[in-house]
Each structure stands twice: as structure tokens, then as C-alpha cells.
Amino acid sequence: MIDAETRQRVEDFLLDCAWAIDEDDLEAWPGFFAEDGRYRITTRDNEARGLPVGIMLCEGRGMMEDRILALRTANIYEPHRYRHVLGRPRLREAEGGLIRSDSSFIVIRTMQDGRMDLFAAGNYCDLLRVGNGRVTIQERAAVLESRRVDVLIVIPI
Amino acid sequence: MNPTAGPGAVMPAWPEGGVSRVPYRLFSDAQVYALEQERLFRGPVWNYLCLELEVAEPGDFRTAFIGETPIVVARDGNGELRGMVNRCAHKGALVCLAERGNRRHFSCIYHSWTYHLDGRLRGVAFRGGLKGKGGMPEDFDPARHRMQPIRVEIFCGLVFGTFEPDMAPVEEWVGPTMGHFLKRNLGSRPLTLLGAHSQIIHNNWKLYAENVRDSYHATLLHTFYTTFKVNRLDMDGGILLSEGAPWHHISYAKRATLEEAAEYTQAQVHSASYDSRLNGPELLKTEDEFDDGITHSVQSIFPTLAVHFTLNSLCVRNFVPRGLEETELVWTYLGYEDDSEEMTRMRVLQANLTGAAGLVSLEDGCINEFVQRGTRGSGDAAAVLEMGGRGLESSESSRATEVSIRGFWSGYRGLMGYA
């Protein structure tokens, strides 16, 4: 049973994580994960077929930090921003005292010239650890509805 | 437009300089695009359609494209592989809507015409009418109506299709050097699918065909390697063009340090890690799989196929034209059936280097669009391709060359009526 207070904390946490991305506070993003946390972006089709290669995979915060450093210093792309809109999470108790959270997201991408597109829609399939006054992500799979990505993904979803 | 007109009628005049010049108009002219569908894609080429493992069992089918033409590949009840245009012989509707699946026969949803898995017409709904009225004429002959067949052939686990009845077999068509390398990467052990996704790039398909052959840009645009002090992939390397068919190419690199280590240890297989500034160096943990020292390769097969093998990451790229200025780039990641868990893990992690979010390759998602946008209103202007000379010789010692792009254009010019 997930109590109301826990739900409130989880919902605030999920919003904070999305806001960090949308407000370009990307250096803070790995901090939402456990040190050995796992982050991946994949497609509904790959998930349904149990295929391990998706679109992005970070095992541990180090790889997440590399991703952020790469987009700041190495990767070349047209400037753009995201705006996440999250649905209310479905929460269930999972093994090891973790909470399984599923929440729908849509991401609207705005390019530097003002063009806006519905860039992504999908489900955050999360395993969260709640305790000691904080929430951390143990595992997050951003499962995209579509197998098609428009142009490229450089900012994590 | 007269589809049979010579290049002068539809195609832009080619400037002096042969394959060292490319008119920008080729990337944004709708008439050129339409003529390519006929002369190039439905002409004398083998087009990549799908993987053999996607149509392994009787009844398996997979939809694909030759240029913009919709295709179905199916394994019939006898285990024969069949290819046909995905179009009902009645009114032209798509017959297979699903991307893949397994069927005993095909059925068009519009008027329930049904087809055998080889495309022969099996049944016409209400052919005899209802209650003795209506129906097809007495002399309607189902044997004269079928889904249009194409030739299909499997080579190294890849299924190719062609509209041209007189094509040489794929292996002969790609030539010995290309065939040998496809066998190395895809033909030596049974393949397994690790994952797939695609990327919509907003440029003409030929800009990606150039980009995938462009070894000149690799270390200039894609700065991930140098930024993170990862070993550079431009050590020993070169460009091989197919004998007599320079529109197919291989670009390869060898990590010299690995070669040295191999000489010392005499080991068949050994691990090596990069000296890098990565916080997550696990990403580039790699294992040597071949004894030729090649640790990175990109191979293109004209017109819209490329295979890369970067460290341990093996991937088939198929770029499908979706309109004059839109291309779908499909990334299909592969392993071998007998891979160890550790090897699969390396392949999965190294997939981060490429694809729509590839640490190395993601720039290619936008760079071709920048050319598309930059060449608008360019009139008769042309690209300059003189890096590494103006000819079509393989470059076995350097990848600072545009020879494989010139090779692409030599094939294109031949098919489109210039040469």
C-alpha cells in the first residue's frame, strides 16, 4: 500500500526531474539517480520483443554525466529545448522495498527559430527508492510510443 | 514530365569536372526524384529489403520499400522466399498493413481479394455475384491478376530485391572485396537481432548516401572521440572501393595498439580498454573479434544500405526515401547467436555510439539537413569533391579523401543516363 505522503513525495520528485531537464539544469539530472542507477530510452516495439538495444543507455551516474558533458562540449546540433508534460503516476510496491512507477509523458520540442513539435510520447517505467527523506531513481526506462525519432536525441528525455 | 526523356530534359546539366562536382539541384528537384524511382530504384540495382532472420519461418512476412515503392517479402509454405509489390491487383490498395507477422495467405481489406504468399491471386470476393446477379465477367481469369512479383535473393543474412529480371547474383554484383567483407561481418555466424529504431532526417536520401561514405568529416564533425581523449579511430585505415563498381565502399580503421598487443600475447581474443576521460569507461570496454586488426568499419552497398562494425557494435543501416526532402534512417543492431553474455553486454553498451542518440553519430541527424537548407536557391551551383584527388582509386593508406563519395556519383550518373 502506497500511502498518500509517499505518493506526494514521488509526484513532486518526478516533476522536479522533468523540470531540471526543461530548465536546462542538466548537470543536476544524474543526481536524481542512484549512483548505480540505470537510464535508458527505448521504443515500445523493442520492449514488446524483449530486445536489449534501444536508443540510449546509461549504466551508472558516470555515463549520465558523460552524456551531459558530451552535449555541452562535443556534440553538434541545432539549439532546442524540451517541455515535459507528465501524467499522474501509477504506483505499486515492488521487490526490495522499491516502488514501481509508471507515468505518461509528452515532450514538446522547440527549436531556436520557434518551430514546435510533439517530439516524444511514452511511459516512464521507473523503479524508485523512497527513504531517508529522499527519492532516487534506481532504474528508468523512457519507453517511446514511436520507433521514429525526429532528427536526433541529445538531451535526455 | 516525360519519363523516358534523356537527362537533358529532366536532369540538370552536369558541370565540368565529372564526379568531382555535384549539382546541388539533384537534392531538391522533384522531377529528378521521380526519375530516380524509375531508373535507379526500379532499375538494375539490388535494394536491401530486410534481414533473413525476420522471414525465417513459412508464413513470415515483412514489409519494406524499394525507393518509395511498397514491397512485401514473404516465406511461402514451401519455405521459398518471395518478393512482391505490396499492392492489390484490384484497386491498388496496400495488401499488408502490418510491418511484420505470419500469415497463411494475404487478404486485401478493401474488397477481400486474397493472395497466396507468392502473390498469386487466390480468391475474389463475390466473384460469382450474389443470388445469381452481379459478379465478375465469365471470362475473368484470376491467373492474369496477381501482386507484381520482384526478384529476391539472400546474401549474408540480408534480403535484397530487384525489379530487374536480368540482374547478376548479389555476390557478383557487389564484387569480391565487398562480398568478402559482408561475409566477415554478417555471413560467418548466425545473426541475432538486438534492437532497432529509426530516425527521420530532413534531407534528400542522396545526402545521407554521401554522408555515410564521407570519411573526411568523421573526425572533424564528430568530436566525441577527441573531447573524451578516447583513442582516435583514424590510425591505420583506408578506403576500399568495389572492383569495377566504386559506388560500393568500405572504410576501415585498425587500432595499432591492439595489433601490437596481439603480437606479444599471441592471443586469439583479448580485452583492451581505452585511455579516456569518460566517467563511465565501461561504455567502451571492447574485445577483439577478428584477426585482421580492423576495429572500425563502415561499408556501403549502393543505393541505400550501409553496415557498420564499430568496436563490437554491428548494425545495418537502411536509409529509405520518404519524399524529396525526407529520409527514414533505420538502425538495426545485431549480434551473433553464440555470443556470450559479456559480448552481448558490450554490443548493447557500444550501441550508444551510433543511432538517433549516438554519442558519435547523432550529428549526422542534422548535418545533412543543414546542406539541404544551405543549398536552397543555389541555382546551378555545385559541390566540390576534390579531397584525395578527382578520381576513383581505392585509398589504402588514408581516409582524408572523398573518393567513396565520387564513387557513389559515378554509379548514380551511370544509372541516371549521364555516362
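**Conventions.** I count residues from 1 along each chain as its sequence is written, with chains lettered from A and ligands numbered from 1 in the order in which they are written.

**Confidence.** Where pLDDT is low, the predicted coordinates should not be read in detail.

**Chain A.** I list three helices and eight strands in chain A, taking helices (H or I, at least four residues) and strands (E, at least two) as DSSP runs numbered from the N terminus. The elements run α-β-α-β-α-β-β-β-β-β-β from the N terminus on. The C-alpha trace of chain A spans about 45 × 35 × 25 Å along its principal axes. For 157 residues a compact globule would have a radius of gyration near 15 Å, and chain A agrees with its 15 Å; this radius is taken over C-alpha atoms, and the globule rule is 2.2 Å times the number of residues to the power 0.38. Of the contacts in chain A with a separation of 6 or more, 61% join residues 24 or more positions apart.

I traced an open sheet of eight strands with mixed pairing, in the order β8(A)-β12(B)-β20(B)-β19(B)-β18(B)-β17(B)-β14(B)-β13(B), where strands pair if DSSP finds at least two bridges between them. Its edge strands are β8 (148-150) of chain A and β13 (236-242) of chain B, each of which pairs on one side only. The twist averages 20 degrees from one strand to the next, with axes fitted to C-alpha atoms, for helices over the stretch in contact, and angles running from 0 to 180 degrees between N-to-C directions.

Strands β12 (residues 191-201) and β20 (residues 327-336) of chain B run antiparallel and are joined by 10 bridges, and Leu191(B) has Tyr336(B) as its bridge partner in β20(B). Helix α5 (residues 205-212) of chain B packs on the sheet, its direction making about 155 degrees with that of β19(B). Helix α9 (residues 341-350) of chain B packs on the sheet too, at about 40 degrees to β19(B).

**Across the chains.** Three bridges pair β8(A) with β12(B) in the parallel sense; I noted Arg148(A) opposite Ser198(B) and Asp150(A) opposite Ile200(B). In all, 32 residues of chain B are in contact with 32 residues of chain A. Strand β12(B) gives the most to the side of chain B that touches chain A, with nine residues. That side divides into 18 nonpolar, 12 polar and two charged residues, where Ala, Val, Leu, Ile, Met, Phe, Trp, Tyr, Cys and Pro count as nonpolar, Asp, Glu, Lys and Arg as charged, and the others, Gly among them, as polar.

Methods
This is a predicted model: local features need pLDDT of at least 70, side-chain atom pairs count only at pLDDT 80 or more; totals for chains, interfaces and linings use all residues. Two residues are in contact if their C-beta atoms, placed from the backbone, lie within 7 Å.
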